[in-house]
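The following note sets out numbered points on the model shown below. Please read each point against the structure.

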Amino acid sequence: MKVVVVSSSPRRNGNSEVLADQFIKGAMEAGHEAEKVVLSQYKLNPCIACEYCRKHDHQCFQKDDADMIIKKIVDCDVFVFATPIYFYSLSAQLKILIDRFFAREYEIRDSDQRKKAYLILTSGTPDIKQTVGTVESFRGFIKVLRTVDEGGIVYGLGAFNRGDAYKHQAYQQAYEMGLNIS
(Lines give C-alpha, C1' and ligand atoms only; values in the text may rest on other atoms or scores of the structure.)
Protein backbone atom coordinates (compact mmCIF):
# COMPACT_ATOMS: atom_id res chain seq x y z
CA MET A 1 0.00 0.00 0.00
CA LYS A 2 0.97 3.59 -0.55
CA VAL A 3 0.93 5.62 2.68
CA VAL A 4 1.21 9.41 2.97
CA VAL A 5 1.90 10.85 6.42
CA VAL A 6 1.29 14.59 6.79
CA SER A 7 3.19 16.14 9.67
CA SER A 8 1.54 19.47 10.40
CA SER A 9 3.48 20.91 13.30
CA PRO A 10 5.17 24.23 12.64
CA ARG A 11 8.03 22.92 14.81
CA ARG A 12 10.33 20.45 13.06
CA ASN A 13 10.99 17.21 14.93
CA GLY A 14 8.38 18.01 17.54
CA ASN A 15 6.38 15.38 19.36
CA SER A 16 3.74 14.84 16.69
CA GLU A 17 6.44 14.43 14.03
CA VAL A 18 8.29 11.93 16.23
CA LEU A 19 5.11 9.84 16.40
CA ALA A 20 4.57 10.27 12.64
CA ASP A 21 8.05 8.86 12.07
CA GLN A 22 7.19 5.86 14.24
CA PHE A 23 4.06 5.21 12.17
CA ILE A 24 6.18 5.39 9.01
CA LYS A 25 8.75 3.01 10.50
CA GLY A 26 6.05 0.45 11.26
CA ALA A 27 4.41 0.82 7.84
CA MET A 28 7.71 0.38 6.02
CA GLU A 29 8.63 -2.65 8.12
CA ALA A 30 5.28 -4.14 7.09
CA GLY A 31 6.27 -3.70 3.44
CA HIS A 32 4.29 -0.58 2.60
CA GLU A 33 5.58 2.43 0.68
CA ALA A 34 5.49 5.47 2.98
CA GLU A 35 6.15 9.15 2.38
CA LYS A 36 6.23 11.97 4.89
CA VAL A 37 5.04 15.45 3.96
CA VAL A 38 6.13 18.14 6.43
CA LEU A 39 3.70 21.00 5.89
CA SER A 40 6.03 23.62 7.37
CA GLN A 41 8.35 23.02 4.40
CA TYR A 42 5.69 24.03 1.85
CA LYS A 43 3.82 27.16 0.89
CA LEU A 44 0.10 26.81 1.58
CA ASN A 45 -2.36 29.64 1.13
CA PRO A 46 -5.78 29.48 2.78
CA CYS A 47 -8.88 28.85 0.71
CA ILE A 48 -10.57 32.17 -0.03
CA ALA A 49 -13.96 30.62 -0.94
CA CYS A 50 -13.97 32.28 -4.36
CA GLU A 51 -15.33 29.10 -6.00
CA TYR A 52 -13.02 29.51 -8.99
CA CYS A 53 -12.43 25.76 -8.72
CA ARG A 54 -16.13 25.00 -9.17
CA LYS A 55 -16.06 26.65 -12.60
CA HIS A 56 -12.59 25.48 -13.69
CA ASP A 57 -12.47 21.69 -13.53
CA HIS A 58 -11.76 21.59 -9.77
CA GLN A 59 -8.50 23.49 -10.15
CA CYS A 60 -7.63 26.20 -7.65
CA PHE A 61 -6.27 29.42 -9.10
CA GLN A 62 -3.67 29.67 -6.32
CA LYS A 63 -0.22 28.56 -7.36
CA ASP A 64 1.20 27.16 -4.16
CA ASP A 65 2.02 23.64 -2.94
CA ALA A 66 -1.46 22.58 -1.78
CA ASP A 67 -2.43 20.97 -5.09
CA MET A 68 0.72 18.81 -5.11
CA ILE A 69 0.15 17.65 -1.53
CA ILE A 70 -3.53 16.95 -2.14
CA LYS A 71 -2.62 14.88 -5.21
CA LYS A 72 -0.40 12.69 -3.03
CA ILE A 73 -3.38 12.05 -0.74
CA VAL A 74 -5.73 11.44 -3.66
CA ASP A 75 -3.28 8.88 -5.07
CA CYS A 76 -2.53 7.00 -1.83
CA ASP A 77 -4.27 4.11 -0.11
CA VAL A 78 -3.76 5.35 3.45
CA PHE A 79 -3.15 8.81 4.80
CA VAL A 80 -2.19 9.98 8.24
CA PHE A 81 -2.53 13.43 9.74
CA ALA A 82 -0.13 14.15 12.61
CA THR A 83 -0.88 17.32 14.54
CA PRO A 84 -0.19 19.00 17.82
CA ILE A 85 -3.29 20.35 19.53
CA TYR A 86 -3.34 24.10 19.93
CA PHE A 87 -6.36 25.60 21.70
CA TYR A 88 -8.49 22.45 21.35
CA SER A 89 -7.96 22.08 17.62
CA LEU A 90 -5.79 20.99 14.70
CA SER A 91 -2.72 22.96 13.81
CA ALA A 92 -3.39 25.93 11.52
CA GLN A 93 -1.21 24.34 8.84
CA LEU A 94 -3.35 21.20 8.74
CA LYS A 95 -6.59 23.16 8.76
CA ILE A 96 -5.39 25.16 5.75
CA LEU A 97 -4.66 21.91 3.87
CA ILE A 98 -8.05 20.45 4.77
CA ASP A 99 -9.84 23.60 3.61
CA ARG A 100 -7.99 23.48 0.30
CA PHE A 101 -9.57 20.06 -0.39
CA PHE A 102 -12.67 22.09 -1.32
CA ALA A 103 -11.34 22.19 -4.89
CA ARG A 104 -10.58 18.47 -5.19
CA GLU A 105 -12.74 16.61 -2.68
CA TYR A 106 -14.68 14.90 -5.47
CA GLU A 107 -11.61 13.03 -6.62
CA ILE A 108 -11.81 11.06 -3.39
CA ARG A 109 -15.59 11.23 -2.91
CA ASP A 110 -16.37 9.77 -6.32
CA SER A 111 -13.66 7.11 -6.23
CA ASP A 112 -14.40 3.40 -6.25
CA GLN A 113 -11.33 2.89 -4.06
CA ARG A 114 -11.79 3.21 -0.30
CA LYS A 115 -9.03 4.76 1.75
CA LYS A 116 -8.12 4.65 5.41
CA ALA A 117 -7.18 7.70 7.42
CA TYR A 118 -5.36 7.83 10.74
CA LEU A 119 -4.86 10.67 13.19
CA ILE A 120 -1.83 11.16 15.40
CA LEU A 121 -2.19 13.93 17.93
CA THR A 122 -0.09 15.32 20.70
CA SER A 123 -1.11 17.65 23.46
CA GLY A 124 0.59 19.24 26.42
CA THR A 125 -2.32 18.27 28.63
CA PRO A 126 -3.11 14.70 29.63
CA ASP A 127 -6.86 15.53 29.57
CA ILE A 128 -8.52 13.56 26.76
CA LYS A 129 -11.54 15.90 26.88
CA GLN A 130 -9.34 18.55 25.28
CA THR A 131 -8.93 16.40 22.16
CA VAL A 132 -12.63 16.39 21.27
CA GLY A 133 -12.46 19.34 18.84
CA THR A 134 -9.43 17.93 17.06
CA VAL A 135 -10.88 14.46 16.70
CA GLU A 136 -14.24 15.80 15.51
CA SER A 137 -12.53 18.01 12.92
CA PHE A 138 -10.70 14.96 11.58
CA ARG A 139 -13.83 12.81 11.59
CA GLY A 140 -15.88 15.55 9.94
CA PHE A 141 -13.30 15.87 7.18
CA ILE A 142 -13.22 12.16 6.35
CA LYS A 143 -17.02 11.97 6.57
CA VAL A 144 -17.30 14.63 3.85
CA LEU A 145 -14.94 12.59 1.67
CA ARG A 146 -17.35 9.61 1.94
CA THR A 147 -14.92 6.92 0.73
CA VAL A 148 -12.50 7.25 3.64
CA ASP A 149 -12.70 5.06 6.73
CA GLU A 150 -11.12 5.91 10.06
CA GLY A 151 -8.20 3.61 10.69
CA GLY A 152 -7.31 4.71 14.20
CA ILE A 153 -6.09 7.47 16.46
CA VAL A 154 -2.87 7.72 18.44
CA TYR A 155 -3.20 9.95 21.51
CA GLY A 156 0.08 11.50 22.62
CA LEU A 157 -1.44 13.24 25.62
CA GLY A 158 0.78 15.01 28.10
CA ALA A 159 3.64 15.31 25.60
CA PHE A 160 4.40 18.97 26.21
CA ASN A 161 8.16 19.40 26.02
CA ARG A 162 10.16 18.61 22.92
CA GLY A 163 11.19 14.97 23.11
CA ASP A 164 8.44 13.84 25.48
CA ALA A 165 7.07 11.59 22.72
CA TYR A 166 10.14 9.36 22.87
CA LYS A 167 9.19 8.14 26.34
CA HIS A 168 5.43 8.19 25.83
CA GLN A 169 3.30 5.05 25.35
CA ALA A 170 2.08 6.59 22.07
CA TYR A 171 5.60 6.09 20.67
CA GLN A 172 5.08 2.32 20.56
CA GLN A 173 1.40 2.67 19.64
CA ALA A 174 2.22 4.76 16.55
CA TYR A 175 4.77 2.18 15.43
CA GLU A 176 2.32 -0.70 15.94
CA MET A 177 -0.47 1.14 14.16
CA GLY A 178 1.80 1.66 11.15
CA LEU A 179 2.89 -1.96 11.29
CA ASN A 180 -0.70 -3.19 11.31
CA ILE A 181 -2.40 -1.05 8.67
CA SER A 182 -4.53 -3.03 6.29
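1. Helices H1 and H7 cross in a right-handed manner; by definition, a crossing is right-handed if the near helix is turned clockwise from the far one by less than a right angle, and left-handed if anticlockwise. The two helices, H1 and H7, pack at an angle of about 35°, and their axes are 6 Å apart. Axes are lines fitted to C-alpha atoms, for helices over the stretch in contact, and angles run from 0 to 180 degrees between N-to-C directions. Helices (H or I, at least four residues) and strands (E, at least two) are DSSP runs, numbered from the N terminus.

2. This is a predicted model, in which local features need pLDDT of at least 70 and side-chain atom pairs count only at pLDDT 80 or more, while totals for chains, interfaces and linings use all residues. Residues are numbered from 1 along each chain as its sequence is written, and side-chain values use heavy atoms, with hydrogens and water left out.

3. Which residues form the contact between H1 and H7? From H1 come Val18, Leu19, Gln22, Phe23, Lys25, Gly26, Ala27 and Glu29, which meet Ala170, Tyr171, Ala174, Tyr175, Met177, Gly178 and Leu179 of H7. Contact here means heavy atoms within 4.5 Å. By class, this contact of H1 with H7 comprises 10 nonpolar, 3 polar and 2 charged residues. Ala, Val, Leu, Ile, Met, Phe, Trp, Tyr, Cys and Pro count as nonpolar, Asp, Glu, Lys and Arg as charged, and the others, Gly among them, as polar.

4. The model has an open sheet of 5 strands in the order S2-S1-S3-S4-S5, with parallel pairing. Strand S2 (33-38) and strand S5 (148-157) are the edge strands, each pairing on one side only, and the twist averages 15° from one strand to the next. Two strands pair if DSSP finds at least two bridges between them. Strand S3 (residues 78-84) runs parallel to S4 and is joined to S4 by 7 bridges; Thr83 has Leu121 in S4 as its bridge partner.

5. Both helices of the first point also lie on strands. H1 lies across strand S1 (2-7), S2, S3, S4 and S5, at about 145° to S4. Helix H7 (residues 169-179) lies across S4 and S5, at about 160° to S5.

6. The largest pocket has a volume of about 260 Å³. Its lining has 17 residues, of which Pro84, Ile85, Tyr86, Ser123 and Gly124 lie nearest the centre of the pocket. Helix H1 (15-29) and strand S4 (115-123) are the elements that give two or more residues to this lining, and the lining divides into 7 nonpolar, 9 polar and 1 charged. On a 1 Å grid over the protein atoms alone, a pocket is an open set of points with protein on both sides within 12 Å along at least five of seven lines, whereas a cavity is a set where a 1.4 Å probe fits but cannot get out; lining residues have an atom within 4 Å of a point. Grid points are joined across faces, edges and corners, and a volume is the space filled by probe spheres set on the points.

7. The structure holds 2 cavities of 30 Å³ or more. The lining of the largest cavity divides into 10 nonpolar, 1 polar and 3 charged residues.
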